[in-house]
Amino acid sequence: MASRLDALTSWVTEVAALTRPANIHWCDGSDAEYAALVQRMLQSGDLIELNQQTHPGCYLHRSDPADVARVEHLTFVCHPQREDTGPNNHWMAPDEAHAKIDALFDGCMAGRTMYVVPYCMGPVDSPLARCGVEITDSPYVVANMRIMTRMGAAALARIEREGLLSNGAHSNGTFVKGLHSTGELDPERRYIMHFPDELTIKSYGSGYGGNALLGKKCHALRIASNQARSEGWLAEHMLIMGIDTPWGETHYIAAAFPSACGKTNLSMLIPPESYQRDGWKVRTIGDDICWMRPGQDGRLWAINPEAGFFGVAPGTSSNSNPNALQTIARDTIYTNVALTADNQPWWEGLPGTPVIDWQGRPYDPANGPAAHPNSRFTVSARQCPTWSQEAEAAQGVPISAIVFGGRRPSLVPLVFEAHHWSHGVLVGAAMGSETTAAATGAVGVMRRDSMAMKPFCGYHYGDYFAHWLSFDRAGARLPKVFHVNWFRKGRDGKFLWPGFGDNLRVLEWMIARVEGRLDGVRTPIGILPGPAELKLDGLDIERRHLDELLAVDHTGWQTELAAIGEYLDTCLPRLPERLRKEQQRVAEALGQPRQADATT
Ligand code: SAT
Ligand code: MN
């Protein structure tokens with residue numbers, strides 16, 4: 001009989017011949033293996049031990065200062081046909097891309113250990129889950145993959161099972177092959193390449209999260225979005241949260257926001273006190289990625305393919321997210337944060353004083369923030385006080401509502417509901433947000449980021465919108481679609497909405513809409529909360545601010561719809577006609593007299 005795991009072993013042999021490592025280590029995912037990796041990295045300086053009294057099991061990793069974020073301009077999606085990649089991605093012909101990056105991999109692991117990291121995205125027994133193997137020469141990547149995925153023996157066993165055809169012969173396997181090397185961290189010699197047709201990822205020259213933890217954005221979004229399209233499901237950049245109501249229902253919500261716009265905070269929100277007293281509870285399923293597919297009952301059922309959080313540290317505080325702070329008090333890898341005098345991790349927003357900055361220099365405000373704005377923590381989701389056992393459910397959780405949102409300082413109201421599914425797809429497609437430090441480049445520039453997938457959708461956005469529209473079919477019981485904007489600012493430049501725990505007030509309105517208990521107010525852009533439909537007791541907010549948050553500025557929206565129309569044109573000729581019609585429908589409705597305005 002052919003040897004075990006044919007496709008995998010021959011690929012590992014091939015990669016070893018190319019990269020020429022000193023050793024090969026097959027990861028089993030055990031505690032002992034993790035402990036040994038940590039020891040090794042402490043010796044090499046890849047990790048620095050943090051204060052073990054205050055932060056047991058916590059370590060700091062400092063990146064190369066030129067390697068601290070995703071590099072979208074060096075990220076390629078290599079479909080055989082350029083058109084399939086779309087205006088939303090960079091493209092290179094697969095042959096050219098392989099040749100270019102293989103030349104960099106040639107001999108790059110000499111003298112180093114090559115780790116073979118089998119992993120499963122999603123609960124190992126879930127039919128919605130998918131496996132991959134990452135080969136890397138970075139022990140930091142291995143340690144992070146162990147936290148972020150189901151890594152090791154169980155994943156390998158599933159890969160073996162799936163590689164066996166029912167007649168006992170071996171297939172080529174269905175796992176995603178990811179090859180990664182930190183290389184020499186030269187930004188000029190850095191590529192993140194995706195080959196969806198070959199279920200292959202190659203990443204060279206970066207050790208940073210989204211570029212190097214290949215299970216995350218590379219597999220679970222760019223490759224998986226292609227698989228999802230051909231198999232009839234969705235791979236999305238969404239958190240998943242459960243909300244227990246006082247009347248005994250649990251509603252699951254999936255919400256898409258661009259990187260560093262508060263997905264982690266929302267997914268582990270702490271209800272305002274009065275809500276807690278009434279019995280509201282939040283459960284965390286995931287904070288970044290959601291895979292969902294229609295179940296037999298017509299609803300969308302979702303899993304979080306990840307097992308951990310790779311969260312943004314700055315802004316995480318006892319005000320904004322006490323649950324996250326509690327989660328990361330132990331067994332956490334910190335990346336690019338600052339240090340206090342007694343060796344505790346520190347970032348802007350925390351009490352205490354930084355003494356050493358993220359680059360290891362004595363802290364000097366003249367050098368900028370003490371912690372890098374995109375500094376991160378990696379931690380097992382199970383450590384979160386609000387973590388839900390349902391995150392392990394093989395069938396996933398049923399989704400009641402899909403929420404889109406971004407950083408929009410003006411125009412976009414606090415919340416509105418799409419009129420129906422195709423309008424919801426338009427709302428998602430039209431999403432815009434100010435850019436953040438999660439990717440290299442200017443920060444605070446408004447860009448369209450459809451479904452928060454601009455950097456992550458692994459095929460043409462026009463085809464992607466058509467795929468979204470295709471879920472509206474006989475027998476479907478689709479979630480309601482909403483848009484939120486926690487980031488609306490007043491004339492004084494201050495946020496109008498308090499955000500964080502108080503966002504539950506908005507979620508409660510959505511749940512009431514889902515359950516058919518509130519009417520809302522129909523406007524051309526969507527359905528907004530009617531007067532008194534948002535519960536505001538215990539909240540200190542000025543009436544005029546609330547009015548501003550819930551007003552529809554017709555003239556502003558007419559301009560916005562024209563801009564959305566121009567943006568949709570970038571997807572021609574693959575823009576679905578139905579989406580164009582939706583945009584025209586809303587634009588025309590806005591052209592009508594102003595009595596449809598929502599005023600509260
Ligand atoms: O860098 S990651 O992609 O892992 C995090 C993010 O940008 O969302
Ligand atoms: Mn993300």
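Helix α8 is mostly covered, with 14 of its 17 residues buried, where buried means under 20% relative accessible area, exposed over 50% and partly exposed in between, for a 1.4 Å probe and protein chains only. Helices here are DSSP runs of H or I with at least four residues, strands are runs of E with at least two, and both are numbered from the N terminus. The model is predicted, so local features need pLDDT of at least 70 and side-chain atom pairs count only at pLDDT 80 or more, while totals for chains, interfaces and linings use all residues. Residues are numbered from 1 along each chain as its sequence is written, and side-chain values use heavy atoms, with hydrogens and water left out.

Just after α8, G232 takes a positive phi of about 85°.

Within α8 lies N226, which counts as buried at 14% relative accessibility. A polar atom of the N226 side chain lies 2.9 Å from the backbone oxygen of R222. Beyond its neighbours within four places in sequence, N226 is in contact with H79, P196, G458 and Y459, contact meaning heavy atoms within 4.5 Å.

The manganese ion (ligand 2) is coordinated by K217 (NZ), H237 (NE2) and D288 (OD), at 2.1 to 2.3 Å. Donors are N, O and S atoms within 2.8 Å of the metal (3.2 Å for Na, K and Ca), and sites may look incomplete because water is not among the atoms. Along the chain these donors follow the spacing K-x19-H-x50-D. K217 belongs to α8 (residues 215-231), whereas H237 sits in the loop between β11 (234-236) and β12 (238-244), 20 residues apart. K217 is buried at a relative accessible area of 5%, and H237 is buried at 0%.

Strand β10 (residues 200-204) holds T200, which is buried at 9% relative accessibility. Among the contacts of T200 is I223.

The protein averages a pLDDT of 95, pLDDT being the predictor's confidence in each residue, from 0 to 100. Over residues 593-600, however, pLDDT stays under 50. Where pLDDT is low, the predicted coordinates should not be read in detail.

Note on methods. Chains lettered and ligands numbered in written order. Polar contact = N/O pair within 3.5 Å; in protein donor to acceptor, adjacent residues only side chain to side chain.
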